[in-house]
Amino acid sequence: KIAAEFGSGVDQEFGNLTVGSLTGGTVNAAIPIVTNPTGTLTQAQLNSTIYTSGGTTVVLPVPTTNGATSCFMLTAAATVTIDPPGTHEMVIQGVPYGNGVQIGNTSAAVGDFICLQFNSTDNEWWSWGVTGTWAAN
């Protein structure tokens with residue numbers, strides 16, 4: 001089910017939409033939020049925004065779908081380590097770090113974030129949004 005809010009303040013829910021059936025307005029989708037996870041993320045947590053106060057290592061599982069996307073946001077001045085599966089490579093702002101190499105935010109600032117999307121063709125996690133300094137640990 002998709003809900004749309006139109007400029008006139010009228011909300012409308014749609015059961016099925018086809019491309020081009022909306023001519024204006026904004027379509028919003030809810031993205032799950034996970035707070036301070038530890039250990040390995042579940043598949044349900046993988047496609048989410050992850051708020052963390054840092055000081056931990058978050059392990060990415062092997063995604064069951066291509067395009068799995070996780071965004072990590074620091075809520076405290078601390079570091080977080082993101083640990084990919086051993087056969088997966090992190091590519092941060094176009095820089096590949098090698099299979100199984102962990103990354104972390106070396107800037108350790110509130111508001112540091114990184115969004116990662118999984119490409120199953122190459123077993124790579126590509127960044128598509130970054131604030132702060134993220135590099136191999």
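**Close-up views of the predicted model**

View 1. Within strand S14, Trp126 is the bridge partner of Gln117; helices (H or I, at least four residues) and strands (E, at least two) are DSSP runs, numbered from the N terminus. This is a predicted model, in which local features need pLDDT of at least 70 and side-chain atom pairs count only at pLDDT 80 or more, while totals for chains, interfaces and linings use all residues. Residues are numbered from 1 along each chain as its sequence is written, and side-chain values use heavy atoms, with hydrogens and water left out. S13 and S14 run antiparallel and are joined by seven bridges, two strands being paired if DSSP finds at least two bridges between them. The two strands form a hairpin with four residues between them, and Asn123 in the turn has a positive phi of about 50 degrees.

**View 2. Glu124 in strand S14.** Glu124 belongs to strand S14 (residues 124-131) and is buried, with a relative accessible area of 13%; buried means under 20% relative accessible area, exposed over 50%, and partly exposed in between (1.4 Å probe, protein chains only). S14 also pairs with S10, in the parallel sense and over three bridges, and Glu89 stands opposite Glu124 there. Leaving aside neighbours within four places in sequence, Glu124 is in contact (heavy atoms within 4.5 Å) with Glu89, Val91, Gln117, Phe118 and Asn119.

**View 3. The aromatic pair of Phe118 and Trp125.** A search of the whole structure finds one aromatic pair. The ring centres of Phe118 and Trp125 lie 5.1 Å apart and their planes meet at 45 degrees, so the pair is tilted. Rings of Phe, Tyr and Trp (its six-membered ring) pair if their centres lie within 6.5 Å, with planes under 30 degrees apart counted as stacked, over 60 as edge-to-face and the rest as tilted. Both Phe118 and Trp125 are buried.

**View 4. The disulfide of Cys71 and Cys115.** One disulfide, a pair of cysteine sulfur atoms within 2.5 Å, is found in a search of the whole structure, and it joins Cys71 to Cys115 with an S to S distance of 2.1 Å. Because Cys71 lies in strand S8 and Cys115 in strand S13, the pair ties together parts that are 44 residues apart in sequence. The torsion about the S-S bond of Cys71 and Cys115 is about 115 degrees, so the disulfide is right-handed. Cys71 counts as buried at 16% relative accessibility, and Cys115 counts as buried at 7%.

**View 5. The largest nonpolar core.** A nonpolar core is a set of buried Ala, Val, Leu, Ile, Met, Phe, Trp, Tyr and Cys residues joined through side-chain atoms within 4.5 Å. The largest one has 19 residues, of which Phe72, Ile82 and Leu116 touch the most other members. Strand S8 (69-74), strand S9 (80-83), strand S10 (89-92) and strand S13 (113-119) are the elements that give two or more residues to this core, and S13 supplies the largest share, three residues. Not counting residues up to four places away in sequence, Ile82 touches Val58, Leu60, Phe72, Met90, Gln102, Ile103, Ile114, Leu116 and Trp134.

View 6. Five strands in the order S5-S7-S9-S12-S15 form an open sheet with mixed pairing. Strand S5 (39-40) and strand S15 (134-136) stand at the edges with a single partner strand each, so one side of each is left without a neighbour in the sheet. Strand S12 (residues 103-105) pairs with S15 in the antiparallel sense over three bridges, and Ile103 has Ala136 in S15 as its bridge partner.
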